[in-house]
Amino acid sequence: MKAHTKKEFETFMAQLKETNATLSFYTDFQKICKNVDDVAISLSMLNFLIGKKNLRQAVEALWKRDKSVFDVMDILIATRKKDKKKFFDNEGNFRLVHSLFSSVDGVMEFLEGTGLADVFRNSEIKDLIDYVFGVETGLDSNARKNRSGTNTEILVANMLSRAGIKFKTQVSSKKFKLVSDTLGTDKKVFDFVIETTGKTYLVEVNFYSAGGSKLNEVARSYMELGQKINKLALYEFVWITDGQGWNAARNKLEETFYAIPRIYNLCTLQTFIKEIRNH
C-alpha cells in the first residue's frame, strides 16, 4: 500500500470530530442503579433521621438498632470509603472522613460539619435513596473520560458488523508467534483483529477530544509499533484514531501518518472497510 500524501493528511485533520459521544455515553444508569442498590437497605434505615428535630436522639436510637447503617454515609457528600477522603477537624487534626462513623459523636460531627444536620432536621431531603441516585449520577460524569475510548471501540465494532466483517476483540500479541517474537518484551493487546485470506490486520482504536503532551508519545509509540508489524508479510498494523485533540500534536501525528499506511479516522475508516469487504 502506497504512503500517504500531504493532501491526504490535510483532509484527515479536517475530518477530526469534536466528540465520539452517543447518548449512552453521558450516563451509565446500569452502574448507577447497582451502586444505589448496594446501599439501599442502609439508606432506607437512615431515612429515619429525616425530619427529626432532636437529631442526636434519633442517631442514638438508630445506632442501638444497627450501627452498620452509618457506614454508607460517605456517599451523602459524594465520596466513597475507598476514596479515603480526609479533612481537618476543629482541633486541627487530619482525619479520614470515614473514621467518623465509628461512634455517635463522630456521626454527629459529620452531620453538623457538612451541613447535613440542618438538611435532615428541615426535611429538605424526602428520601435518601432518591437523593443518592442523584449523587451517583453526578459522580458518574467523572467516568466519561474512561468511557471515551470504549465508546470509539463500540462505534468501530458497529461499523464492522454492519459491513459483515468478522473480527475478534482484545487479542494478545502472544496469539501470533511472529508478531510476539518481533515485539519482544513489548507485548500488546490489540483492540481488534481481522483475519482475511493471506493477511491479518492488527487494529488499535482511540479518540482524543483534548490535547496534551501525552499525544506526542502516543503517536511515536504507534509509529514504532506499526513499523515493526508491517515488516511481517502476513500481518499489517491498522490505527484508527480521531478527535480534535490531535490538533495540539499535529506535527508528530503527521510524521506517523506518513510512516504507517493504514491510519484512519472515523470518516476514512469506510475506505478500509470497503477494501476488506472486496478482499
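Modeller: Helices here are DSSP runs of H or I with at least four residues, strands are DSSP runs of E with at least two, and both are numbered from the N terminus. This is a predicted model, in which local features need pLDDT of at least 70 and side-chain atom pairs count only at pLDDT 80 or more, while totals for chains, interfaces and linings use all residues. Residues are numbered from 1 along each chain as its sequence is written, and side-chain values use heavy atoms, with hydrogens and water left out.

Biologist: What makes the contact between Lys177 and Asp181 a salt bridge?

Modeller: The term requires a side-chain nitrogen of Lys or Arg within 4 Å of a carboxyl oxygen of Asp or Glu. Lys177 and Asp181 have a N to O distance of 2.8 Å, and the pair therefore meets the definition. Lys177 and Asp181 lie 4 residues apart in helix 9 (residues 177–183), which means that about one helical turn separates them.

Biologist: Which parts of the chain does the salt bridge between Arg56 and Asp105 link?

Modeller: The closest N and O atoms of Arg56 and Asp105 are 2.5 Å apart. The pair links distant parts of the chain, with Arg56 in helix 4 (residues 55–66) and Asp105 in helix 5 (residues 104–114), 49 residues apart. Arg56 itself is partly exposed, at 34% relative accessibility. The structure holds 20 salt bridges, and Lys6, Glu10, Arg250 and Glu254 are linked in a network of them.

Biologist: Why is strand 6 described as largely enclosed?

Modeller: Of the 8 residues of strand 6 (residues 235–242), 8 are buried, so the rest of the structure largely encloses this strand. Both faces are covered, with Tyr235, Phe237, Trp239 and Thr241 buried on one side and Glu236, Val238, Ile240 and Asp242 buried on the other.

Biologist: How do you know that strand 6 pairs with strand 5?

Modeller: Two strands pair if DSSP finds at least two bridges between them. Strand 5 (residues 199–207) and strand 6 run parallel and are joined by 8 bridges, so they pair under that rule.

Biologist: What is the order of the strands in the open sheet, and what is its pairing?

Modeller: The 5 strands stand in the order 3-4-5-6-7, with mixed pairing. Strand 3 (168–172) and strand 7 are the edge strands, since each pairs on one side only. Strand 4 (residues 189–196) runs antiparallel to strand 5, with 5 bridges between them.

Technical notes: Buried means under 20% relative accessible area, exposed over 50%, partly exposed in between (1.4 Å probe, protein chains only).
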